[in-house]
Amino acid sequence: MKNPFLYYINSFRGLSKEVWMLALVILINRISAMVVPFLGVYMTQSLGFSLKETGLVLSCFGVGAVVGSYVGGVLTDKIGFYQTQVYSFFLTVPVFLILPGLKTVFSVSIGVFMLSAIADTFRPANSVALSYYTPKENITKAFSLNRMAVNLGFSVGPALGGFLAGISYDWLFYGNAIGAFLASCLFVYYFRSRMPRVTHEQKKLAGEVESPYRNLRMVAFMILCALYAVCFFQLMSTLPLFYKEGHHLSEFQIGIILGYSGLFIVLFEMLIVQIAGKLLSIADIIIGGTLFCGLAFVVLNLSYSHWMLYLSITILCVSEILAMPYMSTVFVQSSNDSNRGAYMGMYSLAFSVSHIFSPYAGTYTIEHWGFETLWWATGVITVVTATGFYFLMRRRRAGNH
């Protein structure tokens, strides 16, 4: 039997220096990403918004993410993934500085829309950059490393954010602005002479390639990914509210639980991805990850003890580890060099759309029927979604491709 430690180390092999540097940039940016997990709590506790108003504002965040994902995909294919990421990074800084001064539902909605629209242009470009610097056999591993960086930052950011929120919510926004600026500087310093522009040949090919939105199989796959994300992203909207209102946890305690989830993914993602990729097909991994998402929320109805919160978030982490990197891989495998930006924009769009429906549907359900109904409904939706993946990906279940 192989040494478990060496097996873990080997799971990181085969990734380029550029992929590692992209992960470092993301890490710095995500450590400072304290605002989003606390937006719901900030609006209800500090601004005095109702649950319905909070859901409306968070849905505006989703609308901005949809716009940003689509525009990011188009820009990536037109001007290149370097320029697209630079613009996204630097333009978020002033928005973070403006947000603390916005106090009404309308103004906060506009501010949050602008923030997500600008920030989400980054995602398709970043995904294309990863695929450019990674051989096909390691693409899932590259996406996993990138998400590890996101979650390592997420393990520190919410804990720090919970501490700062105890002093003043304004510092959440200022911390985000500082982190985005530092990440921008590092990105430009390292990649300014490395990131290639879109070539004339690629532009020519891009005009000859069909839009990914004409690929009906991928459109169906995108819809199923969006349904999964609607359930999963209760993590960012209603789950912190559940911790606050259902279990009466402080902001710092909420940050600790969310920080634990990020740390779990950092420690186990590459190992789980490595093992799952050898034992199961991509389709089986995505289906299993979808079902784990529903289970993570359903168990919250089984016990109101504190340890159940940690069991739930652990199961949700396993869901994320299994589902998301392999969903990304499916989009990369379906694209080519000339339209990869559009395909990765399509992938980002699936998750961005969920940001519209997830918070509003979640808060509406809570307001009318309570948290328990929301968790049961989430379980049912994930079962339906997993069934959809099963029938759509039947051909992929025969092998690991």
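Guide: Contact here means heavy atoms within 4.5 Å. Helices (H or I, at least four residues) and strands (E, at least two) are DSSP runs, numbered from the N terminus. This is a predicted model, in which local features need pLDDT of at least 70, side-chain atom pairs count only at pLDDT 80 or more, and totals for chains, interfaces and linings use all residues. Residues are numbered from 1 along each chain as its sequence is written, and side-chain values use heavy atoms, with hydrogens and water left out.

A residue is buried under 20% relative accessible area, exposed over 50%, and partly exposed in between (1.4 Å probe, protein chains only). Because twelve of its 17 residues are buried, α11 is largely enclosed by the rest of the structure. Among them are M218, F221, Y228 and F232. The buried residues of α11 pack against α14 (282–298), α15 (306–333), α16 (340–369) and α17 (371–392).

Q234 lies in the loop between α11 and α12 (238–246). With a relative accessible area of 3%, Q234 is buried. A polar atom of the Q234 side chain lies 3.1 Å from the backbone oxygen of V230, one of the buried residues of α11. Leaving aside neighbours within four places in sequence, Q234 is in contact with L239, P240, F297, S358, G362, L374 and W375.

Technical notes: A polar contact is a pair of N or O atoms within 3.5 Å; within protein, one must be able to donate a hydrogen and the other to accept it, and residues adjacent in sequence count only if both atoms are side-chain atoms.
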